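I opened my notebook to look through this structure one piece at a time. Here is what I wrote down as I went.

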Amino acid sequence: MSRVTGAAMVAGIVGHPIAHSMSPVLHNAWLEAAGLNGAYVPYSPGETGLARFVAGMRGGVMRGVNVTIPYKEEALALADEASDLARLAGAANLLLFRADGTVFADNTDGPGFLGALKAQAGYDPKAGPAVILGAGGAARGAAAALMLAGAPRVRIVNRTLARAEVIATELGGFVSGHAEADCRDALIGATLIVNATSLGLGGGLGPPCDFAAAPGAVVMDMVYKPLETEFLRRAAAAGHPTVDGLEMLIRQAIPAYEAFYGVAPPEDVDVRGLALAHLGVT
Ligand code: NAP
């Protein structure tokens, strides 16, 4: 007998393209293991179709959707209300469709990022200054999450200094922008170093980083293909604890599942193994 009936709780993910998304694999594995009457479905309304899609979903037809590339910024703009984190991150990866027709935007990439740091390295954002390499959407989201979690200072180092400075201005106070040439100075005293550039994706060297300038710092790479990037390999060889990007990807799905289905996902599912198999990651 089908687990999914006419009373099913329905949620999903919207992105373009969407075929390679791992989220349906994770959420449906959890739903299956929990025996919940629910489904998680992928949608791709085309490059410019997000506004029509969201308008059609108002009224709680579906519980909500995760949002992925290229819609995260637009999703925030389309929502009626948003969490502090989504506003600070400037992006939403979660939209909830309420029964009264309103749409709430949230961002679980931030909790996913912090959760991965805690799970794999026991890292507390209050421990000290953090350095983020890169100034795209992922870097901004990480900076916002660190700030809200009490990081004393966040330094953003980027090839294009102006992009780092925009984030620093918008997040204010404890966030500063730095040029690549000043990376070594920015690293001094750091307790966390994060690669949030796209360098290292699919192999390759990753961003240059003088790990010796921040002894003992936890090093994270948001890139998860390959799983052990050259950046993480160099960090581990220099004696740093490391955190991989796959853990962040998995952990952003947990609060989303809770928001959609009202319960925590079952703990006895090897979602990391599933994700590795799905991604063909080595
Ligand atoms: P994005 O907005 O395109 O930003 C890319 C960043 O990489 C920019 O700061 C860019 O610098 C820098 N960059 C690109 N090529 C470079 C080069 N040759 N030399 C120096 N810097 C370079 O991308 P994003 O959405 O922020 O994503 C960044 C990475 O995080 C991607 O690899 C993505 O897959 C990963 N990510 C992982 C997760 C996860 O769950 N693990 C979640 C989100 C993102 P400029 O500003 O100078 O162009």
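Entry 1: I began with a cut-off: a residue counts as buried when its relative accessible area is under 20%. The model I am reading is a predicted one. I looked up leucine 26, which sits in helix H1, residues 23-34. Is leucine 26 buried or exposed? Its relative accessible area is 1%, so leucine 26 is buried. Next I asked which residues leucine 26 is in contact with, leaving aside its neighbours within four places in sequence. I found Ile250, Ala253, Val271 and Ala275.

**Entry 2: helices H10 and H11.** I then turned to helix H10 (residues 245-261) and helix H11 (residues 271-279), whose axes come within 11 Å and cross at roughly 115°. Angles of 65 to 115 degrees count as roughly perpendicular, so H10 is roughly perpendicular to H11. I noted the crossing as right-handed. On the H10 side I listed Leu246, Glu247 and Ile250, and on the H11 side Val271, Arg272, Ala275, Leu276 and Leu279. Sorted by type, the residues of this contact are six nonpolar, no polar and two charged.

**Entry 3: helices H6 and H7.** How do H6 and H7 cross? The axes of H6 (residues 137-148) and H7 (residues 161-171) come within 11 Å, at an angle of roughly 30°. Angles under 35 degrees count as roughly parallel, and H6 and H7 are therefore roughly parallel to each other. Their crossing is right-handed. I saw Arg140, Ala143, Ala144 and Met147 of H6 meeting Ile167, Glu170 and Leu171 of H7. This contact divides into five nonpolar residues, no polar ones and two charged ones.

Entry 4: The largest nonpolar core here has 32 residues, and Phe113, Leu117, Ile132, Leu146, Ile156 and Leu192 touch the most other members. Several elements each supply at least two residues of this core, including helix H5 (109-121), strand S7 (130-133) and strand S8 (154-158). Which element gives the most to this core? I found that H6 does, with six residues. Another core, of 27 residues, lies apart from the largest one, and Met9, Ala11, Leu26 and Ala253 are among its members.

**Entry 5: a buried asparagine.** Asparagine 66 is in strand S3, residues 64-67. With 3% relative accessibility, asparagine 66 counts as buried. Beyond residues up to four places away in sequence, the residues touched by asparagine 66 include Gly12, His27, Tyr40, Asn93, Gln252 and Phe260.

**Entry 6: two cis bonds.** Most peptide bonds are trans, and I went looking for exceptions. I found a cis peptide bond between histidine 16 and proline 17, with omega about 0°. Where is proline 17? I located proline 17 in the loop between strand S1 (9-14) and H1. Another cis bond joins lysine 225 and proline 226, with omega about 5°. I placed proline 226 in the loop between S11 and helix H9 (230-237).

Note on methods. Residues numbered from 1 in each chain as written. Predicted model: local features only at pLDDT ≥ 70, side-chain atom pairs only at ≥ 80, totals over all residues. Heavy atoms only, no water. Axes fitted to C-alpha atoms, helices over the stretch in contact; angles between N-to-C directions. Helix = DSSP H or I, 4+ residues; strand = E, 2+ residues; numbered from the N terminus. Parallel < 35°, antiparallel > 145°, perpendicular 65-115°, else oblique. Left-handed = near helix turned anticlockwise from the far one by under 90°. Contact = heavy atoms within 4.5 Å. Nonpolar A, V, L, I, M, F, W, Y, C, P; charged D, E, K, R; others polar. Core = buried A, V, L, I, M, F, W, Y, C linked by side-chain atoms within 4.5 Å. Buried < 20%, exposed > 50% of the residue type's maximum accessible area, 1.4 Å probe, protein only.
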